[in-house]
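Here is a short report for a first look at this structure. Keep the sequence and the 3D view open while reading.

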Amino acid sequence: MALAASLFLRQSQSLVMTPQLMQSIQLLQMTHVELTQFIEQELEKNPLLEIASSEDGVRERGADDYSGGSDEHPHAENLGSDEGFQPDLYDSATAGGADSAPEAFDGGLDNVFPDDAGPRGADAPELLGQWKSMPGGGEDGEAYDLDDFVASRKTLADVLNEQIPFVLPAPIDRLIAQHLVDQLDEAGYLQGSTAETALRLGKPVAEIERVLARLQELDPPGVFARSLSECLAIQLKARDRLDPAMAMLVDNLELLARRDFATLKKLCGVGEEDLLDMLAEIRKLDPKPGTRYETSASEAVMPDIVVRAAPDGSWQVELNPDTLPRVLVNRDYHASVSRHTGRNSQDYTFLNECLQTANWLTRSLDQRARTIMKVASEIVRQQDAFLMHGVDHLRPLNLKTVAEAIKMHESTVSRVTSNKYMLTPRGLFELKYFFTVSIGSAEGGDSHSAESVRHRIRTMITQELPDAVLSDDDIVDILRKGGVELARRTVAKYREAMNIPSSVQRRREKRALARAAAS
């Protein structure tokens with residue numbers, strides 16, 4: 001068979017992910033913080049992009065908002081308009097310059113408030129630069145930022161370093177102590193072993209243990225522990241409560257976790273009342289003493305969607321204006337610069353690329369807002385009973401149902417619901433909270449949500465009496481009478497996921513607590 005070269009013409013279709021399409025998908029699943037950081041990066045690279053002022057809602061002339069000038073966007077009126085824009089009543093160009101106005105009206109700060117106007121160059125020239133650099137002290141009149149004057153929180157390392165010189169006067173011991181402080185985790189536990197520390201520092205293990213013993217006397221009590229048992233023992237020793245019975249209890253925390261009180265009474269050699277007193281002492285201790293000095297500040301979750309009750313009984317769904325990025329495209333600047341550049345120059349090419357990128361970004365942000373609005377509105381329509389009556393009426397819902405209702409792909413709905421939050425009259429919830437597994441009905445009626453079933457199980461166990469503790473079989477029977485068909489192993493799985501002990505352990509603990517309360 002002879003080999004020969006030939007040409008073929010073939011036509012085919014394929015889905016290609018362009019860079020802009022991939023970027024739009026990434027914008028859709030970004031959180032508010034991530035989106036803000038991305039827009040800030042684009043502002044640094046693109047001179048045609050601007051951020052609208054949120055103080056007065058008036059935007060600069062010649063700039064288009066992110067909705068492309070369309071009036072259909074539900075929040076377009078929040079960005080303001082160019083109508084009614086008035087220039088300054090006093091025009092310095094026609095009145096002899098900007099410096100003549102204060103003198104003509106005798107309204108200078110030096111005449112009105114001579115003592116509060118700040119240092120003058122003739123009085124203290126060395127202080128004039130400091131005064132202008134202070135917030136609110138310059139000529140621009142910016143207000144003070146109170147966050148600049150807030151005292152920073154002390155970290156666990158700061159608190160320990162302040163105490164170390166009082167317990168370890170020797171410089172060598174302080175160096176060892178500093179090395180041990182660097183090995184603490186956020187909870188205050190020592191991660192490295194003393195043998196590794198001794199090998200790294202070239203010191204005997206006994207010397208490291210001696211320094212560690214002194215460090216375990218510092219505040220907060222329990223710091224520098226290597227295990228939970230040691231942490232509790234250090235705190236009990238500081239309270240002078242570490243007797244042999246309590247030490248045995250601390251050494252057998254696994255029995256306490258299983259609520260095996262009978263074995264604990266034998267090991268500790270105490271009665272039931274003494275054991276209850278010991279358990280009360282354990283509950284007062286802090287298993288993570290270092291978390292009180294945690295430096296990571298808790299950030300409040302800002303909702304992306306706000307749901308309010310409308311006067312007609314329906315629900316009003318709207319996007320949170322605080323999370324909507326107000327991105328503007330300054331077309332006047334583009335036109336002004338383009339007139340002074342040649343069409344074949346690099347500047348003209350750069351401006352056109354910036355304009356295309358800015359237009360794409362505004363359209364993508366507008367499409368992102370519309371998509372989030374569609375998904376949120378459909379979720380509110382599906383979960384109307386939850387908003388009215390609570391978690392017991394949460395309906396089973398999946399991504400496919402919402403995607404078919406709004407005629408979008410399931411992957412798009414999944415990206416929208418990731419890390420997005422909705423503020424409702426029932427509280428603040430992540431959008432994924434409303435998507436739960438369906439559980440069949442015992443009577444052939446409507447199915448039930450897995451979250452509502454877990455809520456029922458938690459409520460039943462909370463309300464049970466010490467003499468009438470419900471087993472998993474009892475919970476299955478009660479749920480079946482309520483119209484929920486659920487297997488016993490599923491009830492046990494839900495109970496363990498909620499960190500609820502078994503019926504035997506709950507009965508033993510509740511009876512002990514009841515006798516302790518009666519005595």
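## Basis of the model

This is a predicted model, in which local features need pLDDT of at least 70, side-chain atom pairs count only at pLDDT 80 or more, and totals for chains, interfaces and linings use all residues. Residues are numbered from 1 along each chain as its sequence is written, and side-chain values use heavy atoms, with hydrogens and water left out.

## Helix α11

Buried means under 20% relative accessible area, exposed over 50%, and partly exposed in between, with a 1.4 Å probe and protein chains only. The arc is taken from the directions from the helix axis to the C-beta atoms. An α-helix has 3.6 residues a turn, so residues three or four places apart point the same way.

Contact here means heavy atoms within 4.5 Å.

## Helix α19

Helix α19 spans residues 410-417, and its T412, V413, V416 and T417 are buried. Seen down the axis of α19, these buried residues fall within an arc of 125°, so they line one face of the helix. Their cover includes α1 (19-29), α16 (346-382), α18 (399-406) and β7 (427-430). After α19 comes N419, with a positive phi near 60°.

## Salt bridges

Side chains of opposite charge can pair when their charged atoms come close. A salt bridge is a side-chain nitrogen of Lys or Arg within 4 Å of a carboxyl oxygen of Asp or Glu. By this rule there are 17 salt bridges. One of them joins E217 and R214, at 3.5 Å from N to O. E217 is exposed, at 55% relative accessibility, while R214 is partly exposed, at 32%. D173, E207 and R210 are linked in a network of salt bridges.

R241 pairs with D243 at 3.7 Å, N to O. R241 also forms a salt bridge with E281, where the closest N and O atoms are 3.8 Å apart. E281 lies in helix α14 and R241 in the loop between α10 and α11, so this pair ties together parts that are 40 residues apart in sequence. E281 is buried, with a relative accessible area of 18%. R241 is partly exposed, at 27%, and D243 is partly exposed, at 30%.

## Nonpolar cores

A nonpolar core is a set of buried Ala, Val, Leu, Ile, Met, Phe, Trp, Tyr and Cys residues joined through side-chain atoms within 4.5 Å. The largest has 29 residues, of which I305, V307 and M422 touch the most other members. Elements giving two or more residues to this core are β3 (305-309), β4 (315-319), α16, α17 (384-389), α18 and α19. The largest share, seven residues, comes from α16.

A second, separate core has 20 residues, including A233, L249, L253 and F261.

Definitions and conventions: Helices (H or I, at least four residues) and strands (E, at least two) are DSSP runs, numbered from the N terminus.
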